[in-house]
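The following paragraphs lead through one protein model, step by step. Please keep the sequence and the structure in view while reading.

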Amino acid sequence: MQDRVVTQVITPALVSEGAGVRLRRSFPGRSLDHLDPFLLLDDFSSDRPKDYLAGFPMHPHRGIETVTYLLDGEVHHQDSIGHAGVVGPGDCQWMTAGRGILHEEMPRPVDGRIAGFQLWVNLPARLKMTAPRYQEVPAYRIPQLLLDDGVQVRLVAGRVGQVEGPVREIAAEPTYLDVTIPAGVRFQHPVEQSHNALIYLYAGVAHVSEQQLEAPRLAVLGEGDRVIIHATDAAAHLLLVAGRPWGEPVARYGPFVMNTREEIQHTLLELRQGTFIR
Ligand code: CO
């Protein structure tokens, strides 16, 4: 086994997105543009409704998947192909935008609070224009595993032992775990050698290799086939995310991520001409 070490630590930047949602963005940013196949990681947790009530009114996506995972509160969404619903506490929405979707995402508090994350996963060239698709996973379908020493894992995607997460048939073969490690406990998890991996520590303190992390922090992991995370003085709450890199050129323009500038220009032309949604 080769343990992955932390190669980069990023303190998320406070940014304003959508119609004025204040959120913490780990990337893209000054120190990391993307971690193939992952293109963006936002944390929109807040106990101040004015930070997020403006929401994300109708906007397009093409060429990517957007993954919304909530701990608290709700995100109300509807889209251009007649799909609408609510992502609630503990739920995950894995949306494959493919050739194009227009949608709105409106965060709403429950008991005055929202906590959640959005991750963007790149599609390979051969799937960028695939038909849009949703995997809506309610909380009760996400296995909550209690491991040795009291470690709790909510398994959104990937595998823990013999258990497989409910999000399946995603090209990047993702791992998406929400892990709670009690103080004084070490958690280890195998990670496919060829995959890129990150940890987003959203609460508490953790040590990974020699690196101490204090929430909120993103840790990019180097090569290896295992990660060991040690919660020392306090419990650690984190997302462990990994996926297969595409090694393809990335041409991005806001919510569109294609392989070439020409494809981006074509997308903008289709938007202007009203042929973006088919
Ligand atoms: Co969106």
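In sequence, the residues that donate to the cobalt ion follow the spacing H-x1-H-x41-H-x1-E. The model is a predicted one, and in it these donors are His59 (NE2), His61 (NE2), His103 (NE2) and Glu105 (OE), at 2.1 to 2.3 Å from the cobalt ion. The angles subtended by the four donor atoms run from 86 to 176°, and therefore the arrangement is irregular. A tetrahedral site would need all angles between 85 and 135 degrees. Histidine 61 belongs to strand β5 (residues 56-61) and glutamate 105 to strand β10 (residues 101-108), so this pair links distant parts of the chain, 44 residues apart. Both histidine 61 and glutamate 105 are buried.

The two strands that carry this pair also meet in a sheet. β5 and β10 run antiparallel and are joined by four bridges. Across from histidine 61 stands isoleucine 101 in β10. Strands of a sheet pair through backbone hydrogen bonds, in a parallel or an antiparallel way. The open sheet here has four strands in the order β5-β10-β7-β8, with antiparallel pairing. Its edge strands are β5 and β8 (84-87), each of which pairs on one side only. On average, neighbouring strands of this sheet are turned by 25° against each other, with direction ignored.

Which residue meets arginine 62 in a salt bridge? The partner is glutamate 270, with an N to O distance of 2.7 Å between the side chains. Because glutamate 270 lies in helix α1 (residues 261-273) and arginine 62 in the loop between β5 and β6 (64-72), the pair ties together parts that are 208 residues apart in sequence. Glutamate 270 and arginine 62 are both buried.

The structure holds 12 salt bridges. One of them joins the side chains of aspartate 3 and arginine 226, at 2.7 Å from N to O. This pair, too, links distant parts of the chain: aspartate 3 is in the segment before β1 (6-10) and arginine 226 in strand β22 (residues 226-230), 223 residues apart. Aspartate 3 counts as partly exposed because its relative accessibility is 33%, whereas arginine 226, at 16%, counts as buried. Another salt bridge is formed by arginine 168 and glutamate 164, whose closest N and O atoms are 3.6 Å apart. Arginine 168 has a relative accessibility of 40% and so counts as partly exposed. Glutamate 164 is partly exposed as well, with a relative accessible area of 34%.

Salt bridges also link Glu17, Arg25 and Asp42 in a network. The strand to look at next is β4 (residues 38-43). Is this strand enclosed or open to the outside? Six of its six residues are buried, so β4 is largely enclosed by the rest of the structure. Strand β3 (residues 21-27) pairs with β4 in the antiparallel sense over three bridges. Arginine 24 has aspartate 43 in β4 as its bridge partner. β4 is also joined to strand β11 (residues 115-122) by five bridges, and these two run antiparallel. There, leucine 41 stands opposite leucine 119 in β11.

Notes
Residues numbered from 1 in each chain as written. Predicted model: local features only at pLDDT ≥ 70, side-chain atom pairs only at ≥ 80, totals over all residues. Heavy atoms only, no water. Donors = N, O, S within 2.8 Å, 3.2 Å for Na, K, Ca; no water. Tetrahedral: all angles 85-135°; square planar, octahedral: opposite > 155°, others 65-115°. Buried < 20%, exposed > 50% of the residue type's maximum accessible area, 1.4 Å probe, protein only. Pairing = 2+ DSSP bridges. Axes fitted to C-alpha atoms, helices over the stretch in contact; angles between N-to-C directions. Salt bridge = Lys/Arg side-chain N within 4 Å of Asp/Glu carboxyl O.
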